[in-house]
Amino acid sequence: MKATCILCDRTDELDRREFKTKQLRNKPIRMYICKECDHRVAIHTMERINSGKFKFNKPFNKPLSVLKREILERESN
Ligand SMILES: [Zn+2]
């Protein structure tokens, strides 16, 4: 099966046994991003997160130990 990358318009021959290929075949609307673009985007995202200018809109879950400490601090005040 052939798929075209939405970012660089490169056409790849996909391994039909791979799970991603099966997903793509079952739902043709699903977009395909080639490995190079995927890697490039991942690196840019990591850079942005580390730049400090990037904010997550979703609040991330704190580990239980941190929550426990915060509650204890609040109760002691
Ligand atoms: Zn690409």
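A residue is buried if 20 or more other C-beta atoms lie within 10 Å of its own, exposed if 12 or fewer, and partly exposed in between, with C-beta atoms placed from the backbone. These legends describe a predicted model, in which local features need pLDDT of at least 70, side-chain atom pairs count only at pLDDT 80 or more, and totals for chains, interfaces and linings use all residues. Residues are numbered from 1 along each chain as its sequence is written.

**Figure 1. The whole protein chain.** The protein chain holds three helices and two strands. Helices (H or I, at least four residues) and strands (E, at least two) are DSSP runs, numbered from the N terminus. The order along the sequence is β-β-α-α-α. The radius of gyration is 21 Å, well over the 11 Å that the globule rule gives for 77 residues, so the protein chain is more spread out than a compact globule. That radius is taken over C-alpha atoms, and the rule is 2.2 Å times the number of residues to the power 0.38. Along the principal axes, the C-alpha atoms fill a box of roughly 65 × 30 × 20 Å. Of the 77 residues, 3% are buried. Two residues are in contact if their C-beta atoms, placed from the backbone, lie within 7 Å. Among contacts with a separation of 6 or more, 48% join residues 24 or more positions apart.

**Figure 2. Asp9, between the two strands.** Asp9 sits in the loop between strand 1 (2-4) and strand 2 (11-13). Its phi is near 60 degrees, a positive value in a residue other than glycine. Most residues other than glycine have a negative phi. Asp9 is exposed, with 8 other C-beta atoms within 10 Å.

Figure 3. Arg17 lies in the loop between strand 2 and helix 1. It has 7 C-beta neighbours inside 10 Å and counts as exposed. Arg17 and Cys5 are 12 residues apart in sequence. In space, their C-alpha atoms are 19 Å apart.

**Figure 4. Arg30, between helix 1 and helix 2.** Arg30 belongs to the loop that links helix 1 (19-26) to helix 2. With 11 C-beta neighbours inside 10 Å, this arginine, Arg30, is exposed. Leaving aside neighbours within four places in sequence, Arg30 contacts Gln23 and Leu24. Lys55 is 25 residues from Arg30 along the chain, and their C-alpha atoms are separated by 27 Å.

Figure 5. Helix 2 covers residues 35-51. At 1.5 Å a residue, its 17 residues should span 24 Å, and its end C-alpha atoms are 24 Å apart, which agrees. The expected span is 1.5 Å times one less than the number of residues. The number of buried residues in helix 2 is zero, so it lies largely in the open. Ile49 is part of helix 2. This residue, Ile49, has 12 C-beta neighbours inside 10 Å and counts as exposed. Ile49 and Cys8 are 41 residues apart along the chain, with 24 Å between their C-alpha atoms. Gly52 follows helix 2 and has a positive phi, near 85 degrees.

**Figure 6. Helix 3.** Helix 3 runs over residues 64-76. Its 13 residues should span 18 Å at 1.5 Å a residue, and the end C-alpha atoms are 18 Å apart, which agrees. Zero of these 13 residues are buried, so helix 3 lies largely in the open.
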